[in-house]
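Me: I would like to go through this model with you. Shall we take it piece by piece?

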Amino acid sequence: MTDKALSFRLPTPRNLGYSFNWVGRIGLLVILFWAVVAIIGPEIAPYPPGEIVNWDYFTPMSHDYLLGTDYLGRDVLSRILMGARYTVGIALVSVFLACAGGVILGMVAAVVGGWFDMILSRLLDAFNGIPSLLFGLVTVAAVGSSIPVLVLTLAAIYLPGSYRFARALSVNVNTMDFVTVARARGERTPYLILREIFPNILGPVLADLGLRFVFIVLVLSGLSFLGLGVQPPNADWGALVRENIEGLSLGAPAILFPSVAIASLTISVNMFIDNLPTKIRDRS
Amino acid sequence: MSTPLVSVRDLKIGATTDSGRHVEIIKGVSFDIAPGEIVALIGESGSGKTTIALSLMGHTRTGCRIEGGEIRLGANTVTAMSEGQRAEIRGTEVSYVPQSAAAAFNPSQRIMDQVIEITAIHKLMPRDAAEKKAVELFRALALPHADTIGSRYPHQVSGGQLQRLSAAMALIGDPKLVIFDEPTTALDVTTQIEVLRAFRSVMEKGGMAGVYVSHDLAVVAQIADRIIVLKGGEIQEEGATQQILDAPAHPYTRELLAAFEPVLHKPLEFDDADHQPPILEVRNLSAGYGPIRNGEPGAKILKDINFALERGRNLGVIGESGSGKSTLARAVAGILPPYRGEVLVDGFQQEASLAQRSKEQLRHAQIVFQLADTALNPAQSIETILGRPLTFYHGMKGKAREARVIELLDMVRLPANLRHRLPSELSGGQKQRINLARALAAEPQLILCDEITSALDTVVAAAIIDLLKELQRELRLSYMFISHDLSTVEAICDDVLVMYKGEVVERLPAAKMSTDATHPYSQLLVSSVPKLDTGWLSGLEQDPALLERFGNR
């Protein structure tokens with residue numbers, strides 16, 4: 001009866017149980033929008049982002065300059081389009097590196113246990129003790145600022161937190177009977193972490209990833225403010241906010257729109273993560 | 001009959017599921033309880049027995065709603081009261097004894113403070129009077145050290161004591177109706193007797209009415225005056241205890257009773273069994289937990305275990321919780337490496353730890369766990385779960401693997417299209433069958449069953465036992481069957497090991513457990529199993545010296 005009906009349904013997301021609500025869809029749309037902008041942004045920018053196009057600074061929105069001009073008279077729209085590539089790109093790559101590394105190490109530590117777990121945990125705890133901005137400052141100052149260095153530094157800063165989180169979740173799953181059964185069957189660590197543990201910690205790990213993404217955007221902005229992030233004349237959104245901070249009292253669009261851009265991206269990432277399909281979120 | 005204390009008329013309780021679907025849990029139930037009468041609600045899980053019992057307090061679990069009908073308790077119509085008014089009668093008119101007393105006590109408060117909390121909430125009496133009354137109740141419930149036990153913390157008393165203390169908590173406000181929600185299900189049989197006796201005597205003395213929720217007919221027979229049999233939220237049969245036991249009218253009641261009939265196991269005869277080594281032999285096995293010093297772990301659980309299991313025979317392992325039954329299964333399977341002794345499967349010695357055993361060695365002995373819920377990965381479909389051992393041990397892929405999965409499902413009497421589902425979409429009995437099928441996928445010779453029927457309803461458990469027997473005939477398996485339920489062991493095993501505190505105290509033929517037991521602990525254990533006879537508990541006489549020595553009170 002029901003079984004028959006089940007087997008003849010079309011495999012749409014809704015029928016497979018992967019549909020999610022409107023809040024999540026709006027979040028996903030905004031993320032996709034910024035991702036597209038990051039790719040094609042420089043091509044559709046009306047002016048070169050580094051060029052001073054207007055002798056007046058902090059101008060309001062106008063037909064020529066859709067989002068006004070900044071403190072040097074550069075076109076804000078062009079600069080936001082250019083900044084998307086840095087902010088979205090750097091933050092996404094670093095958050096994926098940090099979470100992938102942290103989660104894999106965390107699961108391995110939980111499954112292997114014993115000395116391996118102890119040494120790795122203490123090492124990463126010690127690393128966690130270094131203030132993140134200071135660490136970024138020292139590395140970038142020592143190695144020099146480039147995009148790969150920024151990405152790796154940010155990933156390194158956020159890896160221990162992700163490790164702790166994933167390890168705590170994995171330790172709980174690791175004590176479940178189905179993992180014991182797999183062990184008794186003779187399965188090795190890679191199978192255990194990939195097939196038995198990972199699917200069951202996926203939901204919380206994704207929520208953690210969303211949160212970490214926001215932190216990385218903020219630290220990246222902090223580094224840019226100190227002059228160690230993205231180098232002028234290029235800038236990420238955080239740097240745009242910083243360099244136009246004087247415009248705040250003038251209500252200039254030059255400071256408003258980069259802030260709106262950061263807010264829209266970080267909020268929509270969290271909206272999407274919090275409203276993932278129940279099948280992914282509530283598996284454990 | 002005088003006016004009943006409780007009358008329930010056409011009670012309907014429903015809930016809305018996550019997907020927005022409306023389900024009826026209780027479908028129009030009516031019954032009465034006279035003052036001083038104990039009525040048992042009996043049925044399998046999901047039959048609505050706890051839901052009905054809770055509704056007598058005007059309470060429903062989150063998401064459920066009383067949607068129709070009327071509940072009258074004394075002069076109060078519970079269904080028409082506001083939540084505040086209901087709170088007024090809870091503790092004074094009606095009270096509740098939960099299934100797990102350990103979870104019902106706050107671990108960071110002294111027992112006395114928690115027992116007399118009701119008198120403080122309802123301002124019934126001053127603290128001194130309340131404490132005095134609590135001590136009287138402790139005495140009536142036959143608790144040891146009645147004067148001082150109240151000053152202990154919950155972790156400082158045993159499980160059976162805690163259950164009696166939670167009854168004292170319920171009784172302190174002199175309620176007219178006490179609801180017992182499976183209060184002895186989590187206890188060992190020897191402890192259960194004590195608790196049942198205490199409950200019965202205190203209820204008789206106080207003249208209170210009670211509702212006793214249970215799935216165990218034998219327990220209910222000892223304490224209830226009347227039994228209501230429930231299934232699927234409807235009353236199937238209602239009658240005096242003796243009548244239900246002697247002359248059940250409804251087929252479902254008969255099914256429940258039939259599950260109690262001891263089905264004696266007939267050992268299978270295999271022609272060539274004599275000339276082969278035993279399928280499992282354990283010599284001088286010792287195992288434990290904790291950090292290892294001088295080659296011995298900190299907490300030693302198993303001490304010098306010896307036994308052999310012949311091919312095609314079944315060995316039962318019985319004992320109370322904490323006796324080391326499950327640890328024995330884990331040590332044999334290699335999940336917990338023993339620190340001393342040998343395990344031989346099919347005559348070949350097994351390495352102590354899992355990592356050193358070969359795939360082939362691991363394949364021969366498979367373990368099945370008690371809780372099917374946690375033993376199946378909730379993120380994998382049934383096909384993936386059953387397919388993995390096929391790929392892992394036999395290298396099967398694609399179509400061949402799928403065909404074998406369907407074959408396995410058929411072996412455990414499940415339909416083939418179940419393979420696309422997730423474990424959460426199956427019932428408890430189905431999950432346990434999948435669990436068994438996964439073990440069978442390895443084509444083992446020996447299956448270690450760790451309490452595999454304990455979490456299941458009687459009727460479902462009986463079906464699993466039948467399945468095990470059938471599989472044994474077809475596949476020539478041997479089982480090591482761990483259980484605390486003696487009648488289950490009797491139904492499937494040839495021999496029984498009685499364990500106590502990590503040692504095997506006796507080995508007996510299963511069919512002669514009640515007559516042949518010589519060790520005092522085995523005798524105590526065997527005599528403590530409730531019988532389907534209303535006079536069993538009153539007529540039961542156990543040696544107090546034995547209870548003192550072995551009863552885990």
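Me: How much helix and strand is there over residues 280–526 of chain B, and how far apart are the end C-alpha atoms?
Reply: This is a predicted model. In it, residues 280–526 of chain B are 39% helix and 28% strand, with the end C-alpha atoms 26 Å apart.

Me: What does UniProt place at those residues?
Reply: The unreviewed UniProt entry puts the feature "domain: ABC transporter" at residues 8–257 and 280–526 of chain B.

Me: Which domains does the domain assignment give for chain B?
Reply: Domain 1 covers 6–258, and domain 2 covers 276–289 + 297–531. The C-alpha centres of domain 1 and domain 2 of chain B are 35 Å apart.

Me: How many residues does each domain of chain B bring to the contact?
Reply: Domain 1 of chain B contributes 12 residues and domain 2 of chain B contributes 12 residues. On the domain 1 side, helices H8 (189–206), H9 (217–223) and H11 (251–258) of chain B each supply at least two residues. By class, that side of domain 1 has 5 nonpolar, 4 polar and 3 charged residues.

Me: Changing topic to chain A: how many helices and strands does the secondary structure come to?
Reply: Chain A has 12 helices and 0 strands. The C-alpha atoms of chain A fill a box of roughly 75 × 55 × 30 Å along the principal axes.

Me: What percentage of chain A is buried?
Reply: Of the 284 residues in chain A, 41% are buried. As for contacts in chain A between residues at least 6 apart in sequence, 70% join residues at least 24 apart.

Me: Which feature does UniProt place in chain A?
Reply: The unreviewed UniProt entry places "domain: ABC transmembrane type-1" at residues 84–273 of chain A. Over residues 84–273, chain A is 83% helix and 0% strand, and the end C-alpha atoms are 20 Å apart.

Me: How many residues are in the largest nonpolar core?
Reply: The largest nonpolar core has 151 residues, and those with the most contacts inside it are Ile80(A), Val332(B), Leu448(B) and Met480(B). Helix H4 (residues 76–112) of chain A provides the largest share of this core, 20 residues.

Me: Which residues is Ile80(A) in contact with, leaving aside its neighbours within four places in sequence?
Reply: Ile80(A) is in contact with Leu67(A), Trp237(A), Leu240(A), Phe257(A), Pro258(A) and Ala261(A). There is also a second, separate core of 77 residues, which includes Ile149(B), Leu187(B), Val195(B) and Ala224(B).

Me: Let us turn to S19 of chain B. How many of its residues are buried?
Reply: Strand S19 (residues 495–500) of chain B is mostly covered, with 6 of its 6 residues buried. Asp495(B), Leu497(B) and Met499(B) point one way from S19(B), while Val496(B), Val498(B) and Tyr500(B) point the other way.

Me: In which sense, parallel or antiparallel, do S13 and S19 of chain B pair?
Reply: Strand S13 (residues 314–318) of chain B and S19(B) pair in the parallel sense over 4 bridges. Val317(B) stands opposite Leu497(B) in S19(B).

Me: And S19(B) with S20 of chain B, parallel or antiparallel?
Reply: S19(B) and strand S20 (residues 503–509) of chain B pair in the antiparallel sense over 6 bridges. Here the bridge partner of Leu497(B) is Arg507(B).

Me: Which residue in that hairpin takes a positive phi?
Reply: Lys501(B) takes a positive phi near 50° in the hairpin of S19(B) and S20(B), which has 2 residues between the strands.

Me: What about Asp174(B), what is its phi?
Reply: Phi of Asp174(B) is near 50°, a positive value in a residue other than glycine. Asp174(B) is in the loop between helix H7 (159–171) and strand S7 (177–181) of chain B.

Me: And where is Asp304(B)?
Reply: Asp304(B) is in strand S12 (residues 296–309) of chain B. Its phi is near 55°, again a positive value in a residue other than glycine.

Methods. Residues numbered from 1 in each chain as written. Chains lettered and ligands numbered in written order. Predicted model: local features only at pLDDT ≥ 70, side-chain atom pairs only at ≥ 80, totals over all residues. UniProt positions renumbered as here; feature names shortened; annotations may be inferred. Core = buried A, V, L, I, M, F, W, Y, C linked by C-beta atoms within 7 Å. Buried ≥ 20, exposed ≤ 12 C-beta atoms within 10 Å, placed from the backbone. Contact = placed C-beta atoms within 7 Å. Domains from an automatic or database assignment. Nonpolar A, V, L, I, M, F, W, Y, C, P; charged D, E, K, R; others polar. Pairing = 2+ DSSP bridges.
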